[in-house]
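User: I'm new to this one. Can you walk me through it?
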Amino acid sequence: MLKACTLIHRKSGMSVEEFQTYWRTIHADIVVQLPNVRRYVQSHPLIQGYTKQNLIYDGLAEIWVDDTDVLRTMAATSAYQNVAADEANFIDQKRTELILTEEHVIKDGLTPHDGVKNIELVVRKPGMDVESFQQYWCGVHGKLASNIPNIRRYVQSHTKLSGYTRDPQPNWDGIATTWFDSVDEMRAGAATEAYTNTRADEVNFLEAGEPKFLITKEHTIIS
């Protein structure tokens, strides 16, 4: 199954609260008219995350479909045109980034009903080919991270190899998503030996630098 991940910025001059409300209500009602969508989820950054500065993105939309053919067919429908037209009301469309991914469930736990979802955007180590990166991330690093006891569920979304066959190259090699019961539980997880081991392993396959992440509340629109 294909997962289309859309990283979005809110329209200039729009408050975070106004943006999130519009996205979750008016826009969601338009998106649900799309044909052949298996699942649709919005992830909204926690308001307190904006206390010091704007975030790298204002949200992540995830849509699951059977394959790329379904996505192409969908793009030719009037329902899709309605979605694109409405985005102009609340999204900075020039800064939108679409990543087509394949999902790998590393820790298959239940998502907490009122928990938090951490979204980390990953870039592979310079000089490492994409396939080696994906194999290491899933086969080695995934096992380490799944040992962090506070993680309820852990999913890796790998950018599809076909995305690297044309320019421009993808900005992100994938998205790591973890669910926790609360922000406090996420912080507690960061104090564990398993977390320390996980972070230490990142030098083996990830680009150096501060992690790029969002702490969000998940809203399932189509389950």
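Analyst: Start with a definition. Rings of Phe, Tyr and Trp (its six-membered ring) pair if their centres lie within 6.5 Å; planes under 30 degrees apart count as stacked, over 60 as edge-to-face and the rest as tilted. This is a predicted model: local features need pLDDT of at least 70, side-chain atom pairs need 80 or more, and totals for chains, interfaces and linings use all residues. Residues are numbered from 1 along each chain as its sequence is written, and side-chain values use heavy atoms, without hydrogens and water.

User: How many aromatic pairs does a search of the whole structure find?
Analyst: Six. In one of them, Phe19 and Trp23 have ring centres 5.5 Å apart and planes at 35°, so the pair is tilted.

User: Are Phe19 and Trp23 buried or exposed?
Analyst: Phe19 and Trp23 are both buried (under 20% relative accessible area; exposed is over 50%, partly exposed in between; 1.4 Å probe, protein chains only).

User: Which residues form the aromatic cluster?
Analyst: Phe19, Tyr22, Trp23 and Phe90.

User: Where does the charged end of Arg39 sit?
Analyst: Over the ring of Trp64, 5.1 Å from its centre. The test is NZ of Lys or CZ of Arg within 6 Å of the ring centre and within 35 degrees of the ring normal. Arg153 sits over the ring of Trp179 with its charged end 5.9 Å from the centre.
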